Amino acid sequence: MFASAEAAELLTILHALHNPRRSTLLNAALATTMIGYTAADIAAIGDQADQILESFQRLQQTWERHGVSSALMQLDASHGVSLNLASLPNAERALTNFRQLLEVLQRAEIDHGNRLDALLRWYANEVAGATQRPSDDERQMRLESDARAVQIVTMHAAKGLEYPFVFCLSLGRMRESKNYARLDRLNGPTAFVDCREAPTDIQLQLTKEQLADRIRLAYVALTRAQVKLWVVAGQVQNSRSKAATPLDWLLAGNPDVEFSDWLASATASGKDQRHQQELETRISAANLQDVVSVRTLPELQAAVWNTASNATQTEVFARPLPQIPRAWSTTSFSSLTREPSPYSGKEELPVTTSAEAPEANMFATAPRGAGIGTAVHNWLEQWNFDTAEASIVRDFMQQYPLSRTADANAFAAACTDMFNQLRSAVLPGLNLPVCDICRAPDAAEWNFLLPIEKHLDPQRIAAVLHAHGMENYAQSVQHLPAEAVTGFFTGFIDRLILTKDGKWGVIDWKTNDLGAAASNYTREALMQHACKHHYFLQTLFYLVALRRFVGPQTQLAGGWIIYLRGVQSQTSHGILHIQPAESLLAELDKLLPEEDYRK
């Protein structure tokens, strides 16, 4: 099953659901047969890029909160996965594989505690090693239809059909002769004639005709097998009927005697021995010992329930249902705060005029949207902060469907201008250019997991903030939605930094559009925006995660939220520096379990 094409495609889709911000993963998922986008469809996404990203982000949240099966069923409903598979030449096989993979993933999710990363790693390993390891029953492909399964059919229904293996279990059975006959009239209704008072010769003729009909059906049954045929002969257990059967007539070899005489001998006792002897005689006469064999059925060893001996006076009652704890899940910061896409549209913030505000960089007026933000973040993730060349930036951006950009060359030029101004922008608190502190691409997209033992109650977070002099912001935090979330709190930090004197910090890139003027990106405007969208709280928890990783004794330089549309060369404009007190981080850390979750 894991070696199937459906398993590989489902892995591609799960990678995209796990990290929908990566456009390469998202496009690969869209291009699968399950979702059905062509290369032309992906190139023409245009204005739908934001909606597609948001739909995958919603599916990611469904996975985090309700499990992978719920997320994939929603994907099926929204993107027609089952319909796309049903249009394939091997539709039954593909649909069966898809459904079986959903069930296997659901069971595996229970074993991995609803952790997205662990489940994805397990599934990727299963797919990668499917051809190297032996398969157990769960991994074996199910039959896509009943065509290759055991089928129980009547002899009437088997007419004209063939099967590899056939078991005839009822040729040794025959109901007692009916006491009525059916008359089909040409121009009148069907009539049933009661034969109980009919003469003996008429009753005998009725029995002969009924047996002849059964023999014709027996011929159908005996000629359906392509490879092998099994026939149960002799006196069938628990059969109360003493009537002659098709096997009695066939083994007798069309006896040249009166039917009444043959009927008497066929219904006599000793049918087991008679059938075996007749079979062995015919096999020997036709020299078919290598083709036909006679074997005795095994004795039935079924246990029999004895009511008298097993009766007890114990009262029978239903046990109460167990309390099933809520399954663990992996929760991101955006799902806790109900924040929209970090690359959302223009923000309505008051403009702060300042005579000292520099000119805005060219990217300030660049198009907005999730596709733009994803493209810029992917560049920053791979960049070593050397001087950006316009031709290289343009070639890199061409792999993204940026159709909102009227002029791709102008957009590439705006990005190039912003990248070069960013590399020489100064980080407040360190007084160092960004290019000196962000050289290593390996420090990008650092993923962390923080354990959640009790749900992250906004009231408890607000109390910590209030105790450290942030009364106004604490009031905003306490109105965040409260959910009983257990499991892990996860996030991806855009960039980790380490100074020469051993201080650690975090950087978060933002492409949010606060306005085209440079005065929209003063420190006051940035702080207002960061608190409104809880990027401030996000940075605090990023520092808590980093503090856990490097140890509480390590000095932290703080966090920087860099608004890319506002950065300027040789200045700290558009950069918000957050350096909380060690005591604040320690108190926030106490809201999470103290055990070492990396063990």
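Author: Happy to! One term comes up throughout: a residue is called buried when its relative accessible area is under 20%, exposed when the value is over 50%, and partly exposed in between. Please also keep in mind that this is a predicted model.

Let's begin with helices H22 and H23. Arg 548 and Asp 589 form a salt bridge through their side chains, with 2.6 Å from N to O. Arg 548 belongs to helix H22 and Asp 589 to helix H23, so this pair links distant parts of the chain, 41 residues apart. By the definition above, both Arg 548 and Asp 589 are buried.

Arg 547 counts as buried because its relative accessibility is 11%. Glu 582 counts as partly exposed because its value is 38%.

How many salt bridges does a search of the whole structure find? The count is eight. Another one of them joins Glu 381 and Arg 22, whose closest N and O atoms are 2.9 Å apart. Glu 381 sits in helix H15 (residues 370-382), while Arg 22 sits in the loop between helix H1 (5-18) and H2, so the pair ties together parts that are 359 residues apart in sequence. Glu 381, at 18% relative accessibility, counts as buried, whereas Arg 22, at 26%, is partly exposed.

Leaving aside residues up to four places away in sequence, Ala 31 touches Tyr 37 and Ile 42. Ala 31 and Ile 42 are eleven residues apart in sequence, and their C-alpha atoms are 7.8 Å apart.

Further along is helix H4 (residues 49-66), and you can check its length yourself. At 1.5 Å a residue, its 18 residues should span 26 Å, and the end C-alpha atoms are 25 Å apart, which agrees. Its buried residues include Ile 52, Leu 53, Phe 56 and Trp 63. Just after H4, Gly 67 takes a positive phi of about 105°.

For a contrast with the charged pairs, turn to a nonpolar patch on the surface: Phe 165, Phe 167, Leu 169, Val 227 and Trp 230 form it, with about 550 Å² of accessible area together. Strand E1 (163-168) and strand E4 (225-231) are the elements that give two or more residues to the patch. Trp 230, in strand E4, is partly exposed at 34% relative accessibility.

Finally, the cysteines. A disulfide needs two cysteine sulfur atoms within 2.5 Å, and the count by this rule is zero. Cys 438, for example, is in no disulfide, as the nearest cysteine sulfur, that of Cys 435, is 8.8 Å away. Cys 438 is buried at 1% relative accessibility, and Cys 531 is buried too, at 19%.

Technical notes
Residues are numbered from 1 along each chain as its sequence is written. This is a predicted model: local features need pLDDT of at least 70, side-chain atom pairs count only at pLDDT 80 or more; totals for chains, interfaces and linings use all residues. Side-chain values use heavy atoms; hydrogens and water are left out. Contact means heavy atoms within 4.5 Å. Patches are made of residues with over 30% relative accessible area and no salt bridge: like charges are joined within 9 Å, nonpolar side chains (Val, Leu, Ile, Met, Phe, Trp, Tyr) within 5 Å. Accessible areas come from the Shrake-Rupley method with a 1.4 Å probe; for residues, only the protein chains shown count as cover. A salt bridge is a side-chain nitrogen of Lys or Arg within 4 Å of a carboxyl oxygen of Asp or Glu. Helices (H or I, at least four residues) and strands (E, at least two) are DSSP runs, numbered from the N terminus. Buried means under 20% relative accessible area, exposed over 50%, partly exposed in between (1.4 Å probe, protein chains only). The expected span of a helix is 1.5 Å times one less than its number of residues.
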